[in-house]
Every structure is written in C-alpha cells, then in structure tokens.
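Dear colleague,

Here is the structure I promised to hand over, with its sequence. Please look through it first; my notes on what was found follow below.

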Amino acid sequence: MKLTQSFLAGTALALVAGTASAQDMTFVSWGGAYQMSQQKAYVEPYIEANPDVSITWDESSAEAVARLRAMNEAGNITWDLVDVVAADAIRLCDEGLAMEYDPEDMLAP
C-alpha cells in the first residue's frame, strides 16, 4: 500500500511510503541554501541517530505534483519525502496523493 503524508506549514513536506527501502531514502527539495539548511537541521541529526540510513537528494520540488501523479499512475513511487509549497500539498491531498498528519503522532522524537 502506498501512503503519502504531508505537513502543511508555509512549505509542506510530504512523506511517501513507496518502493524505496527503509535504508535508502530519497528526499525532494528545492536545492541551494534552503536544501542545505534542511540537510543540517534534519538529515544530519537523523543520520547520526540512524547510521544505517542513506539519503539521496532530488531537486525536483517545482515538478513534484506532476511527477507524483506519474509515479502513482505507474505504481512506482520512488520518493520518500517531498518538500512542496502549501498550495501543492493541498492539491496532492485533494487528489489522494498526500494526506495531513500530526507530527506528534507519526514522527519519531
């Protein structure tokens, strides 16, 4: 079962449980300094606590809606976490490709 979840807060993060293994994760973001801040604030502490996980970055946030639609149609979602603007997150929720979640309930401390 494929599940997409998104967190709405200015920009939105969509978690996608697709075909990628739990050890290898693909994060989709915007690149540049913004992505570097995500790397330092989220990825590095997570990797430190989970050294068996590897993260690959894909700078395709601008095309995220179209690419997630195509992946869903093909039955091959390869992204694990997607950073999109709030409007795209709402669109993904409306299309059943993402859903809101409570980070207090669904994310590790």
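A residue is called buried here when its relative accessible area is under 20%, exposed when that area is over 50%, and partly exposed in between. Please keep in mind that this is a predicted model.

With that cut-off, strand 3, which covers residues 24-28, has four of its five residues buried, so this strand is largely enclosed by the rest of the structure.

Strand 3 has two parallel partners. Strand 4 (residues 54-58) runs parallel to strand 3 and is joined to it by five bridges, with Asp24 standing opposite Ser54 of strand 4. Strand 5 (residues 81-85) also runs parallel to strand 3, to which two bridges join it, and here Val28 has Val82 as its bridge partner. Together with helix 1, which spans residues 32-49, strands 3 and 4 make a β-α-β unit that is right-handed.

A search of the whole structure for aromatic pairs finds one. Its members are Phe27 and Trp57, whose ring centres lie 5.6 Å apart and whose planes stand at 90°, so the pair counts as edge-to-face. Phe27 belongs to strand 3 and Trp57 to strand 4, 30 residues apart, and the pair thus links distant parts of the chain.

With best regards

Methods:
Residues numbered from 1 in each chain as written. Predicted model: local features only at pLDDT ≥ 70, side-chain atom pairs only at ≥ 80, totals over all residues. Heavy atoms only, no water. Buried < 20%, exposed > 50% of the residue type's maximum accessible area, 1.4 Å probe, protein only. Pairing = 2+ DSSP bridges. Right-handed = clockwise from strand over helix to strand, strands pointing away. Phe/Tyr/Trp six-rings, centres within 6.5 Å; stacked < 30°, edge-to-face > 60°.
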